[in-house]
Amino acid sequence: MAERTASPTRWLAGLAVLAGAAVAPGCAHDAPASRETPNALAPRGTGSRIVAEEWWFTFSLGSVVFVTVMGLTLFVLGTRRRRTGPVEPDDRGKLQWIWIGGIIVPVVLIGAVFGVSMRSIVALDGVGGDDELTVSVTGHQYWWEVEYEDLGISSANEVHVPVGEPVRIELTSADVIHSFWVPEIHPKLDMIPGETNVLTIQAERAGTYRGVCAEYCGLQHARMQFVLVAMPPDRFDEWAAARIQGPPEPAGDVERAGFEVFGDAGCAACHAVAGTDYQGWAGPDLSDVGSRLTLGAGVLDNNPGNLGGWISDPQQIKPGVRMPATRLEGEDLIALIAYLRSLR
Ligand code: CUA
């Protein structure tokens, strides 16, 4: 994503996104600096490309209509001002204007928009094929449970997919309605408790893309975010192999002490770590937390300082989050951070 420059197209797209921001929930302003504000008009996935093409077509057509109508209006105002004397009645001419401007042109233009929309709907339906990788994503207030059931991988707040291959995303919710949206990859789809909605996405370019919750779900809706990591297929296979293997045993004394703190401090009541007795399920799985890009579902960059701050007082960072503060002695906190950082 390094090739982004300020072309006129990007300026226009930026203006449009600014206008859209007023009605687009989940466009957080305080996310980690490592991820740019997602731009649905800079598509990197098949679904978003289809929608962006339609958006530009509709926008261009609308602009032509707007300029034409404004031009005619100004023309009429200008000629009226210059004209003296009464207006000659000419019913035939007026009827022609009604036929052309009121019926024929709108039918043609709306028909064109309708046709392009139908083409988009059919094209969106066509994303996907056989042998798709399946990922189950469950929405929680305010995080994302990520499950690769075929591969036996559990994770959270990060979805890894291979580039150029369709991926079947099965969406549901554990509490209220959320919505899964990676603006640069694919249009959004709601996550509804008790139902499974299926989205087939296909990333066209490797990169990390910010995903957002696009349905108001409570106090921290705007900061319920995730990262979609699109990787070349061989890199994805490496990633999956490492995840299937699970995190390493605690290597040093500090990590081993941290492993004990994890149990003693009550972390395991809500969090799971693969290959251990820690199997809580109320909060995000932490089996690979050391290698994730963000903490707190996209709120903080993942580094030791932020991790310590998050453990000590998550309510300060993300008020309303389900995780309570964990009061630890300095030594225990350092050990716990070291252990969590080793989970990758
Ligand atoms: Cu979850 Cu908004």
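**Close-up views of a predicted model**

**View 1. A salt bridge between R168 and E170.** In this predicted model, the side chains of R168 and E170 come together in a salt bridge, with a distance of 3.0 Å from N to O. R168 counts as partly exposed, with a relative accessibility of 29%, and E170 is likewise partly exposed, with a relative accessible area of 21%. As a general point, side chains of opposite charge can pair when their charged atoms come close.

View 2. D253 and R256 form a salt bridge in which the closest N and O atoms are 2.9 Å apart. Both residues belong to helix α5, which covers residues 253-264, and they are three residues apart, or about one turn of the helix. D253 counts as exposed at 61% relative accessibility, whereas R256 is partly exposed, with a relative accessible area of 41%.

**View 3. A salt bridge between two buried residues, D288 and R292.** The closest N and O atoms of the salt bridge between D288 and R292 lie 2.6 Å apart. D288 counts as buried, since its relative accessibility is 2%, and R292 is buried too, with a relative accessible area of 6%.

View 4. E54 lies in helix α2, which covers residues 46-82. Although E54 is buried, it has no salt bridge, and the nearest side chain of opposite charge, that of R119, is 6.5 Å away; a salt bridge would require a side-chain nitrogen within 4 Å of a carboxyl oxygen. When its neighbours within four places in sequence are left aside, E54 is in contact with V116, S117 and S120. R119 itself takes part in a network of salt bridges that links it with R49, E53 and E204.

View 5. Strands β4 and β10 run parallel and are joined by five bridges; V159 has L228 as its bridge partner in β10. Strands β9 and β10 run antiparallel and are joined by six bridges, and here R210 stands opposite V227 in β10. Strand β6 (residues 178-182) and strand β9 (residues 207-213) also pair in the antiparallel sense, over two bridges, and the bridge partner of W181 in β9 is V212.

**View 6. The enclosed strand β10.** Seven of the seven residues of β10 are buried, so this strand is largely enclosed by the rest of the structure. Both of its faces are covered, with Q225, V227, V229 and M231 buried on one side and F226, L228 and A230 buried on the other. In the protein as a whole, buried residues make up 41% of the 344 residues.

**View 7. T326 in the loop between α7 and α8.** T326 is placed in the loop between α7 (314-317) and α8 (330-342), and at 16% relative accessibility it counts as buried. Residues up to four places away in sequence not being counted, T326 touches A265, I311 and S312. The C-alpha atoms of T326 and G266 are separated by 8.6 Å, although these two residues are 60 residues apart along the chain. Among contacts in the protein between residues at least 6 apart in sequence, 64% join residues at least 24 apart.

**View 8. Cysteines without a disulfide.** The count of disulfides in the model comes to zero. C270 is in no disulfide, and the nearest cysteine sulfur, that of C267, is 9.1 Å away, whereas a disulfide would require the two sulfur atoms to be within 2.5 Å. C270 counts as partly exposed at 31% relative accessibility, while C213 is buried, with a relative accessible area of 0%.

Key
Residues numbered from 1 in each chain as written. Predicted model: local features only at pLDDT ≥ 70, side-chain atom pairs only at ≥ 80, totals over all residues. Heavy atoms only, no water. Buried < 20%, exposed > 50% of the residue type's maximum accessible area, 1.4 Å probe, protein only. Pairing = 2+ DSSP bridges. Helix = DSSP H or I, 4+ residues; strand = E, 2+ residues; numbered from the N terminus. Lys, Arg positive; Asp, Glu negative; His and termini not counted. Contact = heavy atoms within 4.5 Å.
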